[in-house]
Amino acid sequence: MKPALLIALLSTSFYAYQPLAIESYNLDELFNMSLEELLNIEITTGGLTGSTSLESASAITIINQDQIEMSTARNITGLLEQYVPGLLVMEHFEGSKIGLRGLIAAENYKLLLLVNSKSITNMVYEGALVELDLWDMADIERIEVVRGAGSVTYGTGAIAGVINIITKNANSDLPVSSISLSKNDAFNSRGINAQFSKRFGNVKTYSYASYRKTEGLLNPNYFGLNGDASTDIRYQGKRDSDTTGPQDYLADSLGRPQIKAHLDIAIGKNVSTWARYTQSGQTHTKTSKKILQDANGDETGEQVNQRKVSLRSFMWSGDYKSILNENSFIKYSATYDSQEYIRYFVRNVDYDPEGVHNIRHYAFSQNRATVSILY
């Protein structure tokens, strides 16, 4: 698919007050604020420029860093289910499906997904897709969720709402460097992440990288009714009639670990740029494994997960703000993103389960370039 070039000239917005940036406060300070102070906290979602809850016409839920650290959620989808009123999550073999305001579908195409207010929504098929299943969330400053239509502001797709993932950046108040290790024994998962921030004269930088390997929950209980079963055992892969065991749950697809890399650079107050790469994809479906065969058609005895999705994405964004006077400015923005989506479904067991012969249903890429001018 050839990149599409979109040029938008947008209208003005002026604010007579000094909004408070939410990233300047921890959870305890937020709880001690008055209602008026809370309504004057700056938000970036729901409008084309910074706004406040008081001025926004949208219902917005903010999940800050303290809430992310306290939560037991494995990924962003779990966070949304915990903290966003009226949000529903349903399991699907491609991944979790998100519903807002009673709107839910087999694909997340009724939602727009943003990273730092830049759209990373999959416009080919799946809608809100990448980022949502990544377990490591230590680079996220906060998540803002608009519950309600936002297509006038953000374009096609914001029917049920908008999810804006706001990352830590070069202007965040961060330690110079840190390294963290994490593990989840139930899902046989191990991870490491590192972040580094530094100022060089007029240039400020922030970088982040993480790596996580997950084998998934082995031998899970997938409940499913089967009228042909001779006993009361109703677990997929564990019934008398099953010849293979259940597929591992939330295992890395194709042996590819979860990877995240982010770099943010700010030059003075007017120039900023960032780049981000993610890789993910896990097994979700409640089904049994497949037995591979050799070239002669004989079973090898090796059982493999038969349904899995693989995701990769890269995004770059650059902004320049030209200050005209104390009440107005012009902001020039350029964004490029590229995504890869592959759904594997092992049918032809004569071939490598990761080979092209076992790509079933969908395999596509998306490349998109956007240029905008905001006055």
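**Close-up views of a predicted model**

Across the whole structure, a search finds 12 salt bridges (a side-chain nitrogen of Lys or Arg within 4 Å of a carboxyl oxygen of Asp or Glu). This is a predicted model: local features need pLDDT of at least 70, side-chain atom pairs count only at pLDDT 80 or more, and totals for chains, interfaces and linings use all residues. Residues are numbered from 1 along each chain as its sequence is written, and side-chain values use heavy atoms, leaving out hydrogens and water.

**View A. K97 pairs with E126.** Their salt bridge spans 2.3 Å, N to O. K97 sits in strand 7 (residues 95–100), and E126 in the loop between strand 9 (118–119) and strand 10 (140–147). Strands are DSSP runs (E, at least two residues), numbered from the N terminus. The partners are 29 residues apart. Both K97 and E126 are buried (under 20% relative accessible area, 1.4 Å probe, protein chains only).

**View B. D139 pairs with K260.** The closest N and O atoms are 3.0 Å apart. D139 lies in the loop between strand 9 and strand 10 and K260 in strand 17 (residues 258–267), so the pair ties together parts 121 residues apart in sequence. D139 is buried at 0% relative accessibility. K260 is buried too, at 2%. Salt bridges with shared partners join E131, D139, K260 and R276 into one network.

**View C. T278 lies in strand 18 (residues 271–280).** T278 is buried, with 3% relative accessibility. Its side chain makes a polar contact of 2.6 Å with that of S313 (a pair of N or O atoms within 3.5 Å, one able to donate a hydrogen and the other to accept it).

Key:
Helix = DSSP H or I, 4+ residues; strand = E, 2+ residues; numbered from the N terminus. Buried < 20%, exposed > 50% of the residue type's maximum accessible area, 1.4 Å probe, protein only.
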